[in-house]
Amino acid sequence: MIHRLIGEILKKICSLSEETIVQALKIQEERGGSIGEILIQNGTITETDLLKAFGIQFGLPLWSTISREDMDTSFTQQIPIQFLKKYKMVPVVIPGGVYIAVNDPMLFQALDDLRMILGWDGAETVLASHSAILSAINFAYDMSRDSAEQVIQDMREEDRDLIISAVEETGDLLDDTSDAPIIKLVNLMLSQAVKARASDIHIEPYQNRIKIRYRVDGILYDMMSPPKHIQSTLISRIKIMAKLNIAEKRLPQDGRIEIRIGDKNVDIRVSTIPIAFGERVVLRLLDKSSVLLKLSDLGMSEEGLKALNGLIRSAYGIILVTGPTGSGKTTTLYAALSTINNPDINIITIEDPIEYQIDGIGQIQVNPKINLTFANGLRSIVRQDPDVILVGEIRDLETAEIAIQAALTGHLVFSTLHTNDSASAVTRLIDMGIEPFLVTSSVIAILAQRLVRTVCNECKAAYIPDEESLQNIGITSEMFAGKKIYEGKGCQGCLNTGYRGRTGIFELMVLDDPIKNLILKTSDSNAIKRKAVGQGMITLRQDGALRVLNGITTVEEVHRVTQK
């Protein structure tokens, strides 16, 4: 009877035909399940439609979000996280009352059990989406975990020889209830890093201590300093997770860990090197659940975006993206590929590592152990009838030569180089041994970029910088007139740094005929840059100055990433 009723409500609020309801009921008889779930799976209705229908049927309010600001997480001591995830419900204690947010109000038994365990007889039931409930559960259990200091205090001197048991790491790290202090410490270190939006974790052993640092928005911050006696146990635990040889401490090792923390799938690259006081470990975190950026999300100016959009649709040639490690080169290339990705063209990449999986693109992982290098992989790619090729990095003459041959034979090639600016990329290719006429025949554009931290929106305030600082990044008093420049004061949301998130600054050099003619005469990067600027190229520092004048970043940030 309830199913009939919910069907009637859905029919009315979603304008469904009688035939649709009858068909859903028929599937229900054959396979079981609720009529609402069947209609969602068929794509006939959305989860919100079903929750609205439940609201009408049971007279329950629908919450679009679950506020975390004043959320009381004390219930985490009484209820296992697995119970709440299984039944898609979460207790919510906020000023003004106690509530139980549910996704399916027909789970009466589980709801009653939860009320009884908590002693919440008068708790009001509300409806919420599965994602909102899952997010609230993960937040509550993450907030309630032991602090790093507490876990470290629990690790007594006699625990140094603790036998570390390997656990299945693809499960949710927040679900791991292991009592082994070292496992708790590593899990906490990883979950806190993800919560802080860190891109790297550095574990650095010194003579009498260990230092653990996180890199957030490109800057390293000290996070904790565990006692020296847990060093070998801590590093062994990470090496077990990364499937490395824990007995080998004299040679560098590289590995990988895949974990889930709440609703985030995180891929971690692990690198260990032996130093004077033990092994130094760096973990590079990649949030695989993060959305692939579009070109328009990178922070490029309208003119630059228009020019780049035209270039990435070229029939052939090489487009290079340059900048130091961690300057967002790969993100830019992925954004370019996803922009032009369609069924009409064949795109193949060779990368080290593959950072994002893109549907419809063939991606090859470099593997030096079996001699699958950039050069060897690129040779094979050319035989696969590609239209567009992405080479993760041009590291040597062999790779550069094959990339140029591919461009000259009608392929569009994207790649990266580690140089300071766009003009230096030309010099670098010629230094590698590429003839200048081959550079001018194949390379169509070079994009140099850096990442600058953006001012935190929660605590930003206008201020007037001193004239010397403005002049350092090329802002004159005429440019500053009538503009507001902002800085962050520091708040909880930005870890008291005054910055939250990053955006790109860019320098796009298109190799037109005058620049090509100059390259044939000289490989001097300064001369090439002067020529490009004379033709209207906006330099990295000038692009950064525009971001400052638009209130996006600070004078200090632009100076930091563009200083000579």
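Residues are numbered from 1 along each chain as its sequence is written, and side-chain values use heavy atoms, with hydrogens and water left out. Because the model is predicted, local features need pLDDT of at least 70 and side-chain atom pairs count only at pLDDT 80 or more, whereas totals for chains, interfaces and linings use all residues.

Helices (H or I, at least four residues) and strands (E, at least two) are DSSP runs, numbered from the N terminus. The table lists helices discussed below.

| Helix | Residues |
|---|---|
| α4 | 47–58 |
| α6 | 108–118 |
| α12 | 329–340 |
| α13 | 374–382 |
| α14 | 397–408 |

**Helix α4**

Helix α4 has 12 residues and reaches 16 Å from its first C-alpha to its last. This is close to the 16 Å expected at 1.5 Å a residue, where the expected span is 1.5 Å times one less than the number of residues. Within α4, L50, L51, A53, F54, G55 and Q57 are buried (under 20% relative accessible area, with a 1.4 Å probe and protein chains only). An α-helix has 3.6 residues a turn, so residues three or four places apart point the same way. Just after α4, G59 takes a positive phi of about 70 degrees.

Three strands form an open sheet with mixed pairing, in the order β1-β2-β3; two strands pair if DSSP finds at least two bridges between them. The edge strands, each pairing on one side only, are β1 (89–94) and β3 (124–127). On average, neighbouring strands of this sheet are turned by 30 degrees against each other, direction ignored. Strand β2 (residues 97–102) pairs with β1 in the antiparallel sense over six bridges, and V92 stands opposite Y99 in β2. Helix α6 packs on the sheet and touches β1, β2 and β3, contact meaning heavy atoms within 4.5 Å. The direction of α6 makes about 40 degrees with that of β1.

**Helices α13 and α14**

Helices α13 and α14 pack at an angle of about 20 degrees, with their axes 8 Å apart. Axes are lines fitted to C-alpha atoms, for helices over the stretch in contact, and angles run from 0 to 180 degrees between N-to-C directions. The two helices α13 and α14 are therefore roughly parallel to each other (angles under 35 degrees). F374, A375, L378, R379 and V382 in α13 meet E398, T399, I402, A403 and A406 in α14.

**Residue T332**

Leaving aside residues up to four places away in sequence, T332 touches L295, L298, L447, Q449 and F506.

Definitions and conventions: Buried < 20%, exposed > 50% of the residue type's maximum accessible area, 1.4 Å probe, protein only. Parallel < 35°, antiparallel > 145°, perpendicular 65-115°, else oblique.
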